[in-house]
Amino acid sequence: MAAGLALALVAAMPARAADLDAGGLTFRDFGTNDNGASFHRGDPMIAGGPNVQPSRVVAIDKERGFARIDFGQIRVELAIPLGWQATEDWERAAAWSADKKYRVFVWRVDFPFEGVKDAEHYAATKIGSIQAHKPGVKAQARRLGDGTYLIVYENVPRGPGDGEARVVFDLVIPKPGQPKEGMLLTLGVPASDAARGIKLMALLSQNMKINW
């Protein structure tokens, strides 16, 4: 991937883009049609604990290539590509591709608890904090037309098992009518997959159901 591609994708969006665009891709482009078997299979490489629970599959859509997963602890239903795996604990939901190169996390956010007043302040503060702790990271935020905030981080250091630097997408979703609460949807992908990653982010966000 050419340096700066992910940030260029965001900069090219209209100032008030209606929402993210999957660009014709579907969940089938990011998974394997195993009829949902992967969501019932344990993974010994993933750390467990007393609060970690396996995903609960609500429905399988083989035609569109996803499983609808109910994360009861944070009251979110998310469509995840078939062939992936998912777990949750009291704090967050997590899902990852079979090769673990694509990783998704979902948290609820209490903005006053985080020391900020709203979603916009949270996005700006998080960018500043990440760049202060990891000076090589470049970040940019964009307010979308639906009131959410998309943050893109480039040159994120690779983690254990990663073959290259990462690009991370954050979508900060304020609760309608209640600016002090929100949801954070995070997707991390290999830097070379940034263009595909932002399209998967579109699919994830457009198929997420939040029980506020």
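Predicted model: local features only at pLDDT ≥ 70, side-chain atom pairs only at ≥ 80, totals over all residues.
Me: How many helices and strands does the chain have?
Reply: The chain has three helices and twelve strands. Of its 212 residues, 44% count as buried.

Me: Which residues is Leu-187 in contact with, leaving aside its neighbours within four places in sequence?
Reply: They are Arg-103, Val-104, Val-167, Val-168, Phe-169, Gly-197, Leu-200, Met-201 and Leu-204. With Phe-169, the C-alpha atoms are separated by 5.2 Å, although Leu-187 and Phe-169 are 18 residues apart along the chain.

Me: What makes the link between the side chains of Asp-170 and Lys-126 a polar contact?
Reply: The side chains of Asp-170 and Lys-126 are joined at 2.7 Å. The cut-off for a pair of N or O atoms is 3.5 Å, one able to donate a hydrogen and the other to accept it. The pair is within that cut-off, therefore it counts as a polar contact.

Me: Is Asp-170 buried or exposed?
Reply: Asp-170 is buried, with a relative accessible area of 0%. Asp-170 lies in strand β10, residues 166-175. Leaving aside neighbours within four places in sequence, its contacts include Tyr-149, Leu-150, Thr-186 and Met-201.

Me: Why do β1 and β5 count as paired?
Reply: Two bridges join strand β1 (residues 53-54) to β5. Pairing needs at least two bridges, so β1 and β5 pair. They run antiparallel. Gln-53 stands opposite Glu-88 in β5, and the bridge partner of Pro-54 in β5 is Thr-87.

Me: How many bridges are there between β5 and β6?
Reply: β5 and strand β6 (residues 92-96) pair in the antiparallel sense over four bridges. Ala-86 stands opposite Ala-95 in β6. The two strands, β5 and β6, form a hairpin with three residues between them.

Me: Which residues of β5 are buried on its two faces?
Reply: Gln-85 and Thr-87 are buried on one side of β5 (residues 85-88), and Ala-86 and Glu-88 are buried on the other. In a regular strand the side chains alternate between the two faces of the sheet. Both faces of β5 are covered.

Me: What is the order of the strands in the eight-strand sheet?
Reply: The order is β1-β5-β6-β7-β11-β10-β9-β8; the sheet is open and the pairing is antiparallel.

Me: Which strands do helices α2 and α3 lie against?
Reply: Helix α2 (residues 119-133) lies across β7, β8, β9, β10 and β11, running at about 5° to β9. α3 packs on the sheet, touching β7, β9, β10 and β11, and its direction makes about 140° with that of β11.

Me: Which strands form the four-strand sheet?
Reply: The order is β2-β3-β4-β12, again an open sheet with antiparallel pairing. β2 (56-61) and β12 (209-210) stand at its edges because each has a single partner strand. β3 and β4 pair over six bridges, and Ala-67 stands opposite Ile-80 in β4.

Me: Which residues touch the most other members of the largest nonpolar core?
Reply: They are Val-104, Val-106, Phe-169 and Leu-200, out of 42 residues in this core. The elements that give two or more residues to this core include β3 (66-71), β7 (103-110) and α3 (194-206). α3 gives the most, with seven residues. A second, separate core of 16 residues includes Phe-111, Val-116, Ala-139 and Tyr-153.

Key. Residues numbered from 1 in each chain as written. Heavy atoms only, no water. Contact = heavy atoms within 4.5 Å. Buried < 20%, exposed > 50% of the residue type's maximum accessible area, 1.4 Å probe, protein only. Core = buried A, V, L, I, M, F, W, Y, C linked by side-chain atoms within 4.5 Å. Axes fitted to C-alpha atoms, helices over the stretch in contact; angles between N-to-C directions.
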